[in-house]
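User: Hi, can you walk me through this protein? I'm new to reading structures.
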Amino acid sequence: MNQPIGEKIKLYRVSKDITVEQVAEITGLSKDLINKIEENKIIPMLSYLIKIARSLGTRLGTFLDDNNECSCVLTRADNAVESVRYLTSEKTCAGSLIFNSLGHNKKDRNMEPFLVTLKKDSINEKDNMSSHEGEEFIYVLKGKIGVKYGKDYYEINKGDSIYYDSAVMHNVHSLNNEEADILAVIYMP
C-alpha cells in the first residue's frame, strides 16, 4: 500500500468532518488509541479497524485499497497484495496476522477476502477476544488453528472450515507453535 492505513483513516475522518472524540464515542475505543492508529504509531487490531470504518460510515476496504475502481479483480498466485498486518493484541509490536487481500481494488464490495498467515506467536494471544459486525468464513490451507467462539473452542485442521457470526466474541490463532495459512472471508452488511 502506498499510503499508511492510519493516514487514510485520518484523511477520511477529516473529510467527513468527524472528530476523534466522535469516533471514540461510537466505537468505544479510547481517543488515545485512535490517535495512535492515525499517527501510525501502532498497528490496529482488525476488530478496531472494522469499528472505525463503521463509525465513519464506510467499508473496511476504504482503508485497505489504494483505489477501488475495478468491478472485477483477478489476483494471480504470485501477485497477492500484502495489505496490512494486524495485531492480535495491543501488547505486541509486530503483526501476528498478515493479511493478503484477494479483493484489492474491487469497487463496492461487501466481502473482504484474504489469505492470512497466522504467525506462530499468535498462539500466545488466544485469550484476547474481539467482535465486530458481520460474518466470517475461514478455510484452513496449512497448519492447524484454534478458534475461541463465545464459550466454545474449536481446533481446525488443514482442509476444515468454520463459518460464524462475528458479532460474537471470538479469536483465531495458530496452534502447535507453528504458522498457519487460512483463506478468510469477512462479510459486513
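Analyst: One term to begin with: a residue is buried if its relative accessible area is under 20%. By that cut-off, Leu46, Ser47, Tyr48, Leu49, Ile50, Ile52, Ala53 and Ser55 are buried in helix H4. Keep in mind that this is a predicted model.

User: What does that say about H4 in the structure?
Analyst: H4 is largely enclosed by the rest of the structure, because eight of its ten residues are buried.

User: Which residue with a positive phi follows H4?
Analyst: Glycine 57 follows the helix, and its phi is near 70°.

User: OK, zoom out. How many helices and strands are there?
Analyst: The protein has five helices and nine strands. The pattern along the sequence is α-α-α-α-α-β-β-β-β-β-β-β-β-β.

User: How much of the protein is buried?
Analyst: 46% of the 189 residues count as buried. The accessible surface is about 9800 Å², and carbon and sulfur atoms make up 48% of that.

User: Now the core. Which residues touch the most other members of the largest nonpolar core?
Analyst: Ile145 and Ile182 do, in a core of 40 residues. Helix H4 gives the most to this core, with six residues.

User: What does isoleucine 182 touch?
Analyst: Leave aside its neighbours within four places in sequence. Its contacts then include Phe114, Leu115, Val116 and Leu118. Ile138, Tyr139, Val140 and Leu141 are also in contact with isoleucine 182. Ile145 and Val172 complete the list.

User: Where does leucine 115 lie?
Analyst: Leucine 115 is in strand S3, residues 111–118.

User: Is leucine 115 buried or partly exposed?
Analyst: Leucine 115 is partly exposed, because its relative accessible area is 32%. With Tyr139 and Leu141, Leu115 forms a nonpolar patch on the surface. Together they have about 220 Å² of accessible area.

User: What stands opposite tyrosine 139?
Analyst: Serine 161 in S7 does.

User: How do S4 and S7 pair?
Analyst: Strand S4, residues 135–142, pairs with S7 in the antiparallel sense, over five bridges.

User: Which residues of S7 are on the covered face, and which on the uncovered one?
Analyst: S7 covers residues 161–165. Ile162 and Tyr164 are on the covered face. Ser161, Tyr163 and Asp165 are on the uncovered face.

User: Why do they alternate like that?
Analyst: In a regular strand, side chains alternate between the two faces of the sheet.

User: Next, the loops. Where is valine 168?
Analyst: Valine 168 lies in the loop between S7 and S8. Its relative accessible area is 30%, so valine 168 is partly exposed.

User: What does valine 168 touch?
Analyst: Ser130, Ser131, Tyr149 and Gly150, not counting residues up to four places away in sequence. Also, the C-alpha atoms of valine 168 and glutamate 133 are separated by 8.9 Å. Those two residues are 35 residues apart along the chain.

User: And what is the phi of asparagine 176?
Analyst: Asparagine 176 has a positive phi of about 60°, although it is not a glycine. Most residues other than glycine have a negative phi. Asparagine 177 also has a positive value, near 55°.

User: Where are those two?
Analyst: Asparagine 176 is in the loop between strand S8 (170–174) and strand S9 (180–187). Asparagine 177 lies in the loop between S8 and S9 too.

User: Last one: is asparagine 176 buried or exposed?
Analyst: Asparagine 176 counts as exposed, because its relative accessibility is 52%.

Technical notes: Residues are numbered from 1 along each chain as its sequence is written. This is a predicted model: local features need pLDDT of at least 70, side-chain atom pairs count only at pLDDT 80 or more; totals for chains, interfaces and linings use all residues. Side-chain values use heavy atoms; hydrogens and water are left out. Patches are made of residues with over 30% relative accessible area and no salt bridge: like charges are joined within 9 Å, nonpolar side chains (Val, Leu, Ile, Met, Phe, Trp, Tyr) within 5 Å. Accessible areas come from the Shrake-Rupley method with a 1.4 Å probe; for residues, only the protein chains shown count as cover. A salt bridge is a side-chain nitrogen of Lys or Arg within 4 Å of a carboxyl oxygen of Asp or Glu. Helices (H or I, at least four residues) and strands (E, at least two) are DSSP runs, numbered from the N terminus. Buried means under 20% relative accessible area, exposed over 50%, partly exposed in between (1.4 Å probe, protein chains only). Two strands pair if DSSP finds at least two bridges between them. A nonpolar core is a set of buried Ala, Val, Leu, Ile, Met, Phe, Trp, Tyr and Cys residues joined through side-chain atoms within 4.5 Å. Contact means heavy atoms within 4.5 Å.
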